[in-house]
Amino acid sequence: MYWGKILHIDVSKRKSRVQRVSKKWLKKYVGGVCMASRLAYDNIPKGADPLGPENAVCFANSAFSGTMVPVGTKYAVAHKSPLTGFLGDCLAGSYFAAAFKRAGYDGIVIKGKSDSPIWVFVDDDMVSFEDASDLMGLETFETEEAIRAKVGDQRVRVCTVGPGGERLVRFANLTNDRGRQAGRTGPGASLGAKLVKALAIRGTHSVKVADPENLLKVCKKLGELAQTTKTEKYRILGTPANVLAMNRLGVLPTRNYQNGEFEGAEKISGEVLHERHTEKAVACVGCPIGCEQVARVREGIYEGARTSIDYESLFALGPNCGIAYLPGIIEAIHRCDRWGIDTMSTGVTISWAMECYQRDILTKDDFDGLEPEWGNHEAVVELVRRIAYREGIGDLLAEGTKRAADKVGKGSEHFAMNVKGLECAGYDGRGFQTFSLGCAVGTRGPCHNRSLAYEPDAKGKVDRLSAGPERGMLAKEAEEFAGVLDIMMFCKFIRGCFDDMWTDAPEIWKYSTGFDMTSEELHQLTERSWNLKKSFNIREGWTREDDWVPPRWLKDPLPSKGSKGAVIKPEDMRMMLDAYYEAREWTPEGLIPKKKLIALGLDDIAEDIGV
Ligand code: SF4
């Protein structure tokens with residue numbers, strides 16, 4: 001359902017106002033990433049400092065939050081990323097999204113900069129600005145509890161920054177519901193820069209749907225399918241099941257992507273994690289899958305570490321740092337989650353620093369006595385702390401790989417594994433070449449969530465070790481498939497349960513909201529969303545040179561058995577880029593023609609950036 005209301009909060013003036021939006025606007029931007037991106041485009045002026053008052057942190061809910069739709073209670077947040085300087089769009093789910101809906105808003109935009117630390121309390125129709133001086137320094141989970149205790153109501157749901165966001169770590173997260181992370185691209189730094197420690201919401205309105213009877217029928221079917229083999233991987237082992245599969249294919253990033261095969265993979269596999277450390281699987285609100293594997297360390301120096309583990313966190317702070325010791329990896333992830341920093345960017349940035357140490361570019365003195373050799377989990381755990389608190393070398397690493405490598409130089413740029421400033425994901429692009437194109441063109445950087453372009457590679461639909469012009473269309477289609485999920489806000493792990501997502505999703509949306517949408521209109525919506533994100537970046541000065549991959553993928557062949565010798569030829573990447581821009585009906589420079597934007601109903605943006 002929709003309320004037709006966007007709440008605007010100015011923390012400089014400590015004022016709020018409600019913007020009414022029409023049915024037409026809601027049908028056009030729907031929710032999630034698309035709505036958040038539109039709010040960002042409209043509320044962040046060109047050239048805004050991501051850490052300044054002009055940046056806006058724009059939350060957009062799902063049309064399904066708080067309803068019976070399984071895996072649909074999620075929100076998106078868009079901002080100008082302090083890491084990339086482009087649009088950052090992140091997702092998280094669970095009870096915070098439901099409270100947000102019940103408070104009566106489809107979107108919330110936070111702008112300005114407070115003159116002292118505050119937390120913002122949205123209590124249905126009331127907005128108040130509360131002193132947060134006693135909350136500063138608290139970890140993410142503690143902040144949630146502290147705010148609930150202050151209000152004296154367990155129904156209050158809190159989205160918070162941790163010590164990392166307070167210190168403007170450029171990849172700081174927003175955290176809600178004890179561990180759901182709106183991660184990647186640093187929204188925690190954008191909110192932390194406003195001196196806002198948390199956004200707390202109490203929503204008490206009831207959420208109604210347009211056609212409860214039919215909605216129940218389709219949701220029941222979807223919920224039953226979500227209990228079958230279609231989601232078994234996620235229910236039993238969760239995404240850590242990927243460790244051995246990626247290792248076999250030779251694309252498991254190891255020692256800062258120097259290899260795609262890790263000799264310690266068996267020790268840190270999803271199977272071993274499950275057997276030795278998994279305490280229970282938990283689920284986001286309304287989810288019949290429950291993929292979140294909560295792992296605990298039961299003995300040894302990390303005894304008591306407890307957090308949920310997914311493949312991406314595991315690769316980044318495990319094999320990519322040469323670590324084959326699960327308790328050390330769990331402790332590192334546990335620290336990231338509690339201090340509110342992104343596990344992937346943290347792991348990849350630390351692995352860059354470890355390679356600098358391997359190559360004598362950084363020395364023991366630079367690390368204040370630490371010796372970050374590959375596999376030294378104690379050093380990695382300590383580096384996580386230094387990043388979150390910006391201590392010593394942590395102050396440099398808190399800037400992310402791109403800025404750190406630009407500062408250190410000495411050839412370390414070659415192995416700074418990022419695109420547009422965002423650290424790479426857990427699939428080596430040399431061994432998944434369709435995905436490498438997806439990484440190059442990603443509007444927020446190299447992302448397995450925004451582009452599902454690894455699927456044709458992993459499923460053998462193409463020769464994953466070589467390039468081809470057909471990858472342009474494949475990458476576009478993979479972005480649009482992911483786009484439906486990110487706009488409707490279905491969790492990606494349910495994607496295998498739809499008969500045909502292009503007809504099923506509009507049907508569920510219709511029963512929830514009362515609005516009609518054809519599958520053609522859904523295709524157009526996903527295109528609108530992607531072009532909107534791209535338009536934001538173009539307005540910020542994006543050029544074709546920004547769509548590229550890290551130098552290592554272009555020069556160093558992979559030594560791993562499963563992808564031996566694989567490397568991306570620069571001419572192949574240029575060819576795939578040409579094909580992708582053509583598939584998107586953009587110019588050869590990757591700019592968007594006015595007529596394309598007008599056809600997508602983005603006439604005002606056509607005037608701004610169309611060619
Ligand atoms: S599958 Fe996992 S991430 Fe997705 S909604 Fe369920 S618990 Fe949350």
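Author: Helix axes are lines fitted to C-alpha atoms over the stretch in contact, and angles run from 0 to 180 degrees between N-to-C directions. Two packed helices are described by the angle between their axes and the distance between the axes. The model shown here is predicted.

Reader: At what angle do the axes of helix 20 and helix 21 cross?

Author: The axes of helix 20 (residues 501-513) and helix 21 (residues 519-539) cross at roughly 95 degrees and come within 9 Å. Angles of 65 to 115 degrees count as roughly perpendicular, and helix 20 and helix 21 are therefore roughly perpendicular to each other.

Reader: Which residues make the contact?

Author: Helix 20 contributes W502, T503, A505 and P506, while helix 21 contributes S519, L522 and H523. By class, this contact has 4 nonpolar and 3 polar residues, with no charged residues.

Reader: Into which domains is the protein chain divided?

Author: The division gives domain 1 (5-202), domain 2 (218-423) and domain 3 (433-548 + 569-609). The centres of domain 2 and domain 3, taken over C-alpha atoms, are separated by 27 Å.

Reader: How many residues of domain 2 and domain 3 are in contact?

Author: In domain 2, 15 residues are in contact with 16 residues of domain 3. On the side of domain 2 that touches domain 3, helix 7 (212-225) and strand 16 (418-419) are the elements that give two or more residues. Helix 7 provides the largest share of that side, 3 residues. The residues of this side of domain 2 comprise 10 nonpolar, 3 polar and 2 charged.

How values were computed
Residues are numbered from 1 along each chain as its sequence is written. This is a predicted model: local features need pLDDT of at least 70, side-chain atom pairs count only at pLDDT 80 or more; totals for chains, interfaces and linings use all residues. Domain bounds come from an automatic or database domain assignment. Two residues are in contact if their C-beta atoms, placed from the backbone, lie within 7 Å. Helices (H or I, at least four residues) and strands (E, at least two) are DSSP runs, numbered from the N terminus. Ala, Val, Leu, Ile, Met, Phe, Trp, Tyr, Cys and Pro count as nonpolar, Asp, Glu, Lys and Arg as charged, and the others, Gly among them, as polar. Angles under 35 degrees count as roughly parallel, over 145 as roughly antiparallel, 65 to 115 as roughly perpendicular and the rest as oblique.
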